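Reader: Could you take me through this model step by step, giving the general idea behind each feature before the case at hand?

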Amino acid sequence: MYLSQTGGPSAALAVPPLVLFEGVTKRFPAAGGAGEVAALDGISLNVPKGQVTAIIGRSGAGKSTLIRLANGLEKPTSGRVVVDGIDVAGLSEGELRGIRREVGMVFQHFNLLASRTVFDNVALPLEIAGADRVAIGTRVSELLDLVGLADKRNRYPSELSGGQKQRVGIARALATGPKLLLSDEATSALDPETTRSVLTLLKQINRDLGLTILLITHEMDVVKQIADDVAVIDRGRIVEQGSAFDVLATPRHATTRSLLAGLPGHRLPDAFSQRLSAAPVDGGRAVLRVVSAAGTGSGLLADLVAPLGGAAEIIAGTVETVGPRSFAAFVVTLPPYQAEQITAASPLPAGLLSAEVLGYVA
Ligand SMILES: Nc1ncnc2c1ncn2[C@@H]1O[C@H](COP(=O)(O)OP(=O)(O)OP(=O)(O)O)[C@@H](O)[C@H]1O
């Protein structure tokens with residue numbers, strides 16, 4: 001039994017979309033020419049203007065294919081991909097070049113040209129767009145200031161750290177003043193501290209320039225730090241979407257739960273998971289996962305403890321911050337009848353966002 005009462009409307013419903021995927025299917029010929037692979041299977045998704053939307057999913061779920069559709073690197077087999085009011089699928093190669101100025105992209109492995117300096121790498125999209133030398137000089141200097149690399153303008157990529165390379169990649173992606181930034185695992189090759197500083201830069205760009213960001217990631221820390229909305233993709237279909245807070249605090253779909261399973265508030269200690277049974281055990285206890293809003297001044301401990309009663313034993317717990325909000329997730333054991341009372345209550349006891357019996361132990 002699983003109950004949740006987060007469920008507030010996600011920002012995706014309130015803010016107009018910059019990118020709209022409508023019934024998008026993408027099939028590729030299968031290896032060896034026998035049949036087809038359905039990489040995307042009827043995707044409908046709004047990417048709200050000015051927000052950071054994260055796509056998460058297992059390897060091979062269709063994440064890269066989805067974001068490559070947004071800048072016309074791939075065309076849908078059917079359905080529409082609308083970017084700022086224009087159906088990208090219907091555009092010629094020439095028209096697509098115009099759209100690509102509106103859509104920047106950053107990559108996991110940076111994709112910098114080794115033979116060009118930092119300045120010349122950032123200048124490249126402007127040269128391709130036909131900008132003059134003076135305009136290029138001014139714009140590149142502005143961008144290098146923005147990403148904190150003004151002193152590295154004459155360096156080559158081989159002389160930079162991973163984080164600095166990604167900052168060059170971000171400056172290059174912003175060169176033509178795009179409305180949309182696509183990020184394909186931009187921080188996967190970076191250490192945790194560098195990841196944080198690159199994400200801080202992306203969030204600052206999102207806020208200060210109002211840039212819409214659509215990113216794919218397998219790192220939940222990325223989602224926690226910068227995403228406003230999350231869509232979960234599984235075998236080419238969106239199986240869950242909502243605000244980052246709701247999806248991380250109270251995941252509903254089995255795929256989302258398994259993607260989050262390693263996080264502290266979701267993970268059951270091994271000693272318990274090995275002993276867990278689906279049915280109550282005579283004289284045993286229920287194992288309950290409860291999630292409560294935190295840091296809202298609502299008296300977290302009192303709110304959490306009161307509905308659980310005095311007999312609850314905490315076996316795991318965490319407080320997680322997602323953007324500006326926090327939640328507390330605890331796994332407790334308690335007598336089965338009490339667990340059932342809590343999960344059967346509608347609405348849930350005050351302060352709880354969700355309560356779920358994970359199983360029973362002797
Ligand atoms: N050009 C292609 N030709 C044939 N099959 C492809 C092609 N591109 C992607 N696929 C297939 O489509 C499916 C989705 O691939 P995609 O790269 O979009 O997944 P992903 O979620 O980004 O995976 P990962 O996290 O491993 O990068 C996979 O089964 C993949 O093998």
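**Reading the model**

Author: Of the 362 residues of the protein chain, 41% count as buried, where a residue is buried if 20 or more other C-beta atoms lie within 10 Å of its own, exposed if 12 or fewer, and partly exposed in between, with C-beta atoms placed from the backbone. This is a predicted model, in which local features need pLDDT of at least 70 and side-chain atom pairs count only at pLDDT 80 or more, while totals for chains, interfaces and linings use all residues. Residues are numbered from 1 along each chain as its sequence is written.

Reader: How many helices and strands does the protein chain have?

Author: Helices (H or I, at least four residues) and strands (E, at least two) are DSSP runs, numbered from the N terminus. The protein chain has 13 helices and 15 strands.

Reader: Into which domains is the protein chain divided?

Author: Domain bounds come from an automatic or database domain assignment. Here they give domain 1 (17-29 + 36-250) and domain 2 (262-361), whose C-alpha centres lie 37 Å apart. The contact between them takes 8 residues from domain 1 and 10 residues from domain 2, two residues being in contact if their C-beta atoms, placed from the backbone, lie within 7 Å. On the side of domain 1 that touches domain 2, the elements giving two or more residues are helix 8 (220-226) and helix 9 (244-249), and helix 9 gives the most, with 4 residues.

Reader: Which residues are around the ligand?

Author: A residue is near a molecule if its C-beta atom, placed from the backbone, lies within 6 Å of it. The residues around the ligand include Phe28, Val37, Ala39, Gly57, Lys63, Ser64 and Thr65. Two or more residues of this shell come from each of strand 3 (36-48) and helix 2 (63-70), and helix 2 gives the most, with 3 residues.

Reader: Why is strand 12 described as largely enclosed by the rest of the structure?

Author: The burial count is applied residue by residue along the strand. Strand 12 (residues 285-294) is largely enclosed because 10 of its 10 residues are buried. Arg285, Val287, Arg289, Val291 and Ala293 point one way, whereas Ala286, Leu288, Val290, Ser292 and Ala294 point the other way.

Reader: Which strands pair with strand 12?

Author: Two strands pair if DSSP finds at least two bridges between them. Strand 12 runs antiparallel to strand 15 (residues 352-361), joined by 8 bridges, with Ser292 opposite Leu352. Strand 12 also pairs with strand 14 (residues 325-334) in the antiparallel sense over 9 bridges, and there Ala286 has Leu334 as its bridge partner.
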